[in-house]
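Dear colleague,

Please find the structure below, handed over for your use. My notes on the contacts and surfaces come after it.

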Amino acid sequence: TYLLFGAGIYVLYESTLMKKVKNFLVRGIFCGLIGGFSLFMIATIVNISLTRHLSAQHLMVDCIWQMTEQIVGAMVIVAVKGFIHEPLPEHI
């Protein structure tokens, strides 16, 4: 599951929309926020059909947790990308 989340965050990180953000750390944080909120929404929709006793406080904590977890994952992706970055060769 985490490999799929990591692949999704990497695709989001490399998208043309996100490349407009020049600072790679800020771009990683945005990707984590977007990925975490999306994952929270999917999990909440599935969970509401199973449980009807969700409080607003529970939903808020779960949303913050998902976004924080995905930000950490995005920062790992940013760090790994920084270590294995291969620049394109210059054409003469």
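Predicted model: local features only at pLDDT ≥ 70, side-chain atom pairs only at ≥ 80, totals over all residues.

**Salt bridges**

A search of the whole structure gives 2 salt bridges. In one of them, lysine 19 meets glutamate 14, with an N to O distance of 3.2 Å. In the other, lysine 81 pairs with glutamate 14, and the closest N and O atoms are 3.1 Å apart. Lysine 81 belongs to helix 3 (residues 56-84), whereas glutamate 14 is in the loop between helix 1 (2-13) and helix 2 (24-50), so this pair ties together parts that are 67 residues apart in sequence.

**Aromatic rings**

The count of aromatic pairs comes to 2. The rings of tyrosine 2 and phenylalanine 5 have centres 6.2 Å apart and planes at 85 degrees; because an angle over 60 degrees counts as edge-to-face, this pair is edge-to-face. Both residues lie in helix 1, 3 residues apart, about one turn of the helix. Tyrosine 2 is exposed, at 60% relative accessibility, while phenylalanine 5 is partly exposed at 27%.

The rings of phenylalanine 37 and phenylalanine 40 also have centres 6.2 Å apart, but with planes at 40 degrees, so the pair is tilted. These two residues lie in helix 2, 3 residues apart. Phenylalanine 37 is partly exposed, with a relative accessible area of 40%, whereas phenylalanine 40 is buried at 7%.

Val26, Ile29, Phe30, Leu33 and Ile34 make a nonpolar surface patch of about 360 Å². Within this group, phenylalanine 30 lies in helix 2 and is partly exposed, at 38% relative accessibility.

Helix 3 has 29 residues and reaches 42 Å from its first C-alpha to its last, close to the 42 Å expected at 1.5 Å a residue. Its buried residues include Cys63, Gln66, Met67, Gln70, Ala74, Ile77 and Val78. In general, an α-helix has 3.6 residues a turn, so residues three or four places apart point the same way.

With kind regards

Notes: Residues numbered from 1 in each chain as written. Heavy atoms only, no water. Salt bridge = Lys/Arg side-chain N within 4 Å of Asp/Glu carboxyl O. Helix = DSSP H or I, 4+ residues; strand = E, 2+ residues; numbered from the N terminus. Patch = residues over 30% accessible without salt bridge, like charges linked within 9 Å, V, L, I, M, F, W, Y side chains within 5 Å. Areas by Shrake-Rupley, 256 points an atom, 1.4 Å probe, with all protein chains shown as cover. Buried < 20%, exposed > 50% of the residue type's maximum accessible area, 1.4 Å probe, protein only. Expected span 1.5 Å × (residues − 1). Phe/Tyr/Trp six-rings, centres within 6.5 Å; stacked < 30°, edge-to-face > 60°.
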